[in-house]
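Here is a short tour for someone meeting this structure for the first time. Have a look at the sequence and the model, then read on.

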Amino acid sequence: MFNVCPGCGEYTDAKEITSSLPVRAVCPACKYEHRFLSLPLFVVTGASGSGKTTAALNLVEMAQDFVILDQDILWNDGFNAPENDYRIFRNTWLRMVKNIHQAGKPVVLFGSATPQQYESCIERRYLSHIHYLALVCESSELERRLVERPHWRNSGSAENLQKMLDFNKWLCENASRTEPKMTLLDTTK
């Protein structure tokens, strides 16, 4: 709803954002300034099996001042576009978060992602900051967790195991080099 200008009715996700408080989105067509809340997003990432779902379920019990969401609730094959780094999927989530923020509550979003996938989206401009926490664990433990999952999830397939082990390793090696940096949390034990 915040991509439609109340002044002229034009739709754009590329409004100019003022740096002064209160924050306003400026329509490029008519220069109408629309006030909105620019809150932080907290992204919890990690390979499958790193503990994201367990952490999310535990956090839900404490959630009063923030909203907990799992990115998988919106996933469908139409978003499966690795060639553009899943840009439409990530941008859709940022648009959703921007709208939830208007209720005055920050969002904690769980799902496998990298900072670049969100930071490069046009909707990123509407969030004050994105904080990244990457859940990682020792390779042998990650493999054990994935193999022990129910068969229907296909988590223990050789292809999936290698993909998740590689992502887990990438997070460990690159968390301090991403922009912004990711904080690592080892969930092995």
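Predicted model: local features only at pLDDT ≥ 70, side-chain atom pairs only at ≥ 80, totals over all residues.

## A parallel sheet and its helix

Leu133 stands opposite Thr183, which lies in E8. The two strands here, E7 (residues 130-136) and E8, run parallel and pair over 5 bridges. Residues are numbered from 1 along each chain as its sequence is written, and side-chain values use heavy atoms, with hydrogens and water left out.

Zoom out and you find an open sheet of 5 strands in the order E5-E6-E4-E7-E8, with parallel pairing. At the edges sit E5 (67-70) and E8 (182-186), each pairing on one side only. On average, neighbouring strands of this sheet are turned by 20° against each other, direction ignored. Helix H5 packs on the sheet and touches E4 (41-46), E7 and E8; a contact means heavy atoms within 4.5 Å. The direction of H5 makes about 125° with that of E7. (Axes are lines fitted to C-alpha atoms, for helices over the stretch in contact, and angles run from 0 to 180 degrees between N-to-C directions.)

## Two helices crossing

H5 (residues 158-174) also meets H4 (residues 139-147): their axes come within 10 Å and cross at roughly 145°. On the H4 side the contact uses Ser139, Leu142, Glu143, Leu146 and Val147, and on the H5 side Asn160, Leu161, Met164, Leu165 and Asn168. Those residues split into 6 nonpolar, 3 polar and 1 charged. Here Ala, Val, Leu, Ile, Met, Phe, Trp, Tyr, Cys and Pro count as nonpolar, Asp, Glu, Lys and Arg as charged, and the others, Gly among them, as polar.

## What's inside

The largest nonpolar core has 29 residues, and among those with the most contacts inside it are Leu41, Trp93 and Leu142. A nonpolar core is a set of buried Ala, Val, Leu, Ile, Met, Phe, Trp, Tyr and Cys residues joined through side-chain atoms within 4.5 Å. Buried means under 20% relative accessible area, exposed over 50%, and partly exposed in between (1.4 Å probe, protein chains only). E4, H2 (87-101), E6 (107-110), E7, H4 and H5 each supply at least two residues of this core, and H5 gives the most, with 5 residues.

There's a second, separate core of 6 residues, including Val44 and Ile68. Across the chain of 189 residues, 41% count as buried.

## The antiparallel sheet

Another open sheet has 3 strands in the order E1-E2-E3, paired antiparallel. E1 (16-17) and E3 (33-35) are at the edges with a single partner strand each, so one side of each has no neighbour in the sheet. E2 (residues 24-26) pairs with E3 over 3 bridges, and Arg24 has Arg35 in E3 as its bridge partner.

Is Glu33, say, buried or partly exposed? Glu33 is partly exposed, with a relative accessible area of 42%. This residue lies in E3 and, leaving aside neighbours within four places in sequence, is in contact with Arg24, Ala25 and Val26.

Terms used
Helix = DSSP H or I, 4+ residues; strand = E, 2+ residues; numbered from the N terminus. Pairing = 2+ DSSP bridges.
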